[in-house]
Amino acid sequence: MRSVLFHPALSALLFLALWQGLAALLVSPALPPPLAVFGVLYEETLSGQLPFHLGITLARLLASFVLAMSLGTGLGIFLGRHDKLDRFFDQWLVIFLNVPALVTVILCYVWFGLTEVAAITAVVVNKLPNVVVTLREGARALDRDLLEMAQAYRFGRWKTLRHVIWPQLFPFLIAAARTGIALIWKIILVVELLGRGNGMGYQLHLFFQLFNVAGILAYTIAFVAVIQLIEALLLKPLDRQAKRWRR
Amino acid sequence: MSRVEINIRKKAYPARHGLGEHVAIRDLHIELEAGEFVCLVGPSGCGKTTLLNIISGLDRQFDGSIGTGEGKAAPRMGYVFQNPRLLPWRTVRENIDLALPADEDGGDIGHLLEVMDLAQWQGQYPQKLSGGMSRRVALARAFAIRPTLLLMDEPFVSLDPPTARRIRQLLVNVWRERPHTVLFVTHDLREAITLADRLVFLSGPPATVLHQVAVDIPRDHRDDEAAVEAFRQRLAAEHPEIRALL
């Protein structure tokens, strides 16, 4: 039985109360109280500003996510199945994994100009090595016994892919997707801040210059809420689905 | 039914460390008549599983040839591995259905599951099953495709004796009802005598044929343990070279 004392709603309430208390104590524009922030959130939503910038950022997120996932999955599986090439390119992966996100972003803007393509490329390059490494592990872990069984029973390419390989790769794919969303949405704001004329990052930059903390917090809340929704409504159910057969 | 000619000059693996190689099979020739039930008896580690993998086409890295007597058409092959090899993310029933060729609906699988005591488990995932039950599912999968050639790699190991006896009987019944060629690997000579038309004794490694003998006990008397034991005694007396395997 779950104790009433540790109910998640209570935890959220406690957080809001602490915030309110601290804001009341400080009485500073640096920390507006929750109600003021939600007021801004409401106004910005009504004016259409917030949905516009949020929509643009989500579109960029989707584009770079799809690109990074599909490229990374293909590359990862390929490397996982080819030992020699994997050893040869391992150094590259380590380098790309360790290049700071900011460096990639700056270089992309320098090389490709302040364009949409440069922005998306920067995000994809940041996320790609992560996906490759995760999926490479998945491809390496493929069960040889089951592949032999599929071959002996003449499953054919499609049936083997769908019933033998896919279920084994799926958990790795979900892991890459979940860490991917978390990573990409943090990078994408930096990308927008440095070189785009719209989107969440651009707006936050604007608020920063105006010292509008309520605006910053309002946008942050909206963004976190959307990401949480994606996680709860899409990724978590998919994850559960993938683990259904486990004891 | 498939006639199978096995002709392996050499099968070797590279040695684990440094140069050289480990020869698993050398100069091995066996012919399986269509519809024949042959048991391969040999010490463990002599290359029996390697041999089955070559016959099944899983392993093509060898010097020699495998001929099947059905012209160009490959035999429809069932393979019961040493471990069950079920897909853990598919139910018992799905595991069996997946092995069927696309154009078959598996009409009598329900009956097969009844006979094998699996009917009430067909919606379960394999991780819920005991080891013995998983083995039975693997057997049902092999039977379900109505193979013309059935390869079995010590399929009854780790089953409790009554279950093993029952499934052995089931195997013979299925085989008599729908004749197909069976190659059955075991190190249990009594099991081999109970089941086979012919015994092939292997030495090894490298595996090669030591001796072959037809089992002349009538099929109806195979469950008579005294007859099986007498046959074993006679083998030991007449063929001292295979005594180590008896």
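Guide: In strand 6 of chain B, Leu150(B) is the bridge partner of Gly78(B). The model is a predicted one, in which local features need pLDDT of at least 70 and side-chain atom pairs count only at pLDDT 80 or more, while totals for chains, interfaces and linings use all residues. Residues are numbered from 1 along each chain as its sequence is written, and chains are lettered from A and ligands numbered from 1 in the order in which they are written.

The pairing itself joins strand 5 of chain B to strand 6 (residues 149-153) of chain B in the parallel sense, over four bridges. Strands here are DSSP runs of E with at least two residues, helices are runs of H or I with at least four, and both are numbered from the N terminus. Two strands pair if DSSP finds at least two bridges between them. In general, strands of a sheet pair through backbone hydrogen bonds, either parallel or antiparallel.

These strands belong to an open sheet of six strands in chain B, with the order 5-6-7-3-8-9 and mixed pairing. Its edge strands are strand 5 and strand 9 (208-214) of chain B, each of which pairs on one side only. On average, neighbouring strands of this sheet are turned by 15° against each other, direction ignored. Helix 4 (residues 131-144) of chain B packs on the sheet and touches strand 5 and strand 6 of chain B. The direction of helix 4 makes about 170° with that of strand 5 of chain B. Such angles run from 0 to 180 degrees between N-to-C directions, and axes are lines fitted to C-alpha atoms, for helices over the stretch in contact.

Strand 5 of chain B leads on to the neighbouring chain. Altogether, 16 residues of chain B are in contact with 14 residues of chain A, contact meaning that C-beta atoms, placed from the backbone, lie within 7 Å. Strand 5 (77-80) and helix 2 (92-99) of chain B each supply at least two residues of the side of chain B that touches chain A. That side divides into 10 nonpolar, three polar and three charged residues. Ala, Val, Leu, Ile, Met, Phe, Trp, Tyr, Cys and Pro count as nonpolar, Asp, Glu, Lys and Arg as charged, and the others, Gly among them, as polar.

Notes. Two residues are in contact if their C-beta atoms, placed from the backbone, lie within 7 Å.
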